Amino acid sequence: MPETPLPEAPSFVLWIEGLPCAGKTTLAHAVADRLGAAGRKVQILDGDEMRRMFSPELGFSRKDREFHARRVSYVARMLAGHGIVAIVAMITPYETSRQAARAEVAGRFVEVWLRCPIEVCRERDVKGLYARAAQGGVARVTGVNDPFEEPLRPELIVDTNRLSVPQSTDRILRYLAEQRLVPAVPAA
Ligand SMILES: Nc1ncnc2c1ncn2[C@@H]1O[C@H](COP(=O)(O)OP(=O)(O)O)[C@@H](O)[C@H]1O
Ligand SMILES: [Mg+2]
């Protein structure tokens, strides 16, 4: 069967990646709120939540992480195909997964790398993951004892250790507007 092309009505997949605590969930919601306020239909696909619902049987091996990313990218493409902006917030440590997601979406794929040093992420430790990893309580924590491959071709890099949440949100929205994926969105 031929691939279904994305419709002209410009929807897209915004794929936000980075280390734990880089700011993926925070910025996914901030961007979604702004797009929602501008009248767009938006669905967030957050890594943790998606794992619970879609991949409870999967672990954190390379193979399992890649398989999980495949599932999420498949859903993201379906949503985008119906004019919904799909915002994925997922660590996505492997370049193969990013490229597979890009190929799956086959069109408007915007990869955003939240580049934040591990020291800053560890300091933030929103969910206590790094603390538990330091005590040896969690195997395979990305950035600690599991790899995060440097993204090779993100559309946008946001240094969330240097920018505030509103500045990071504006940066992403400005990029989307530059690409004419959204109209110029007024600053909050
Ligand atoms: N520029 C920024 N962008 C996103 N989050 C930031 C930024 N600066 C500080 N933070 C803080 O970092 C934390 C990121 O947590 P979270 O969004 O849950 O990360 P992740 O989903 O990547 O694990 C939040 O407490 C957020 O307020
Ligand atoms: Mg998160």
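A: Happy to! Two packed helices are described by the angle between their axes and the distance between the axes. Axes here are lines fitted to C-alpha atoms, for helices over the stretch in contact, and angles run from 0 to 180 degrees between N-to-C directions. Please keep in mind that this is a predicted model.

Let's start with helix 2, residues 47-54, which packs on helix 3 at an angle of about 95°, the two axes lying 11 Å apart. Angles of 65 to 115 degrees count as roughly perpendicular, and helix 2 and helix 3 are therefore roughly perpendicular to each other. From helix 2, the contact draws on Gly47, Met50, Arg51 and Phe54, while helix 3 supplies Asp64, Arg65, His68, Arg71, Val72 and Val75. Sorted by class, the residues of this contact of helix 2 with helix 3 are four nonpolar, two polar and four charged.

Helix 3 also has a contact with helix 4. The axes of helix 3 (residues 62-81) and helix 4 (residues 95-105) come within 9 Å and cross at roughly 20°, which makes helix 3 roughly parallel to helix 4. Their crossing is right-handed. On the helix 3 side you will find Arg62, Arg65, Glu66, Ala69, Arg70, Ser73, Tyr74 and Arg77, and they meet Thr96, Ser97, Ala100, Ala101, Glu104 and Val105 of helix 4. This contact of helix 3 with helix 4 comprises five nonpolar, three polar and six charged residues. Arg65 of helix 3 takes part in the contact with helix 2 and in the contact with helix 4.

Now to helix 1 and helix 7. Helix 1 (residues 24-37) packs against helix 7 (residues 165-178) at about 60°, with the axes 10 Å apart. That angle makes helix 1 oblique to helix 7, and the crossing of the pair is right-handed. Thr26, Leu27, Ala30, Val31, Arg34 and Leu35 of helix 1 touch Val165, Ser168, Thr169, Asp170, Ile172 and Leu173 of helix 7. By class, seven residues of the contact of helix 1 with helix 7 are nonpolar, three are polar and two are charged.

Of the 16 residues around ligand 1, Cys21, Lys24, Thr26, Leu163 and Ser168 come nearest. As for polar contacts, a polar backbone atom of Gly23 sits 2.9 Å from an oxygen atom of ligand 1. Thr25 places a polar side-chain atom 2.9 Å from an oxygen atom of ligand 1. Finally, a polar backbone atom of Ser164 is 3.2 Å from a nitrogen atom of ligand 1.

Technical notes:
Residues are numbered from 1 along each chain as its sequence is written. Chains are lettered from A and ligands numbered from 1 in the order in which they are written. This is a predicted model: local features need pLDDT of at least 70, side-chain atom pairs count only at pLDDT 80 or more; totals for chains, interfaces and linings use all residues. Side-chain values use heavy atoms; hydrogens and water are left out. Helices (H or I, at least four residues) and strands (E, at least two) are DSSP runs, numbered from the N terminus. Angles under 35 degrees count as roughly parallel, over 145 as roughly antiparallel, 65 to 115 as roughly perpendicular and the rest as oblique. A crossing is left-handed if the near helix is turned anticlockwise from the far one by less than a right angle, and right-handed if clockwise. Contact means heavy atoms within 4.5 Å. Ala, Val, Leu, Ile, Met, Phe, Trp, Tyr, Cys and Pro count as nonpolar, Asp, Glu, Lys and Arg as charged, and the others, Gly among them, as polar. A residue is near a molecule or strand if one of its heavy atoms lies within 4 Å of it. A polar contact is a pair of N or O atoms within 3.5 Å; within protein, one must be able to donate a hydrogen and the other to accept it, and residues adjacent in sequence count only if both atoms are side-chain atoms.
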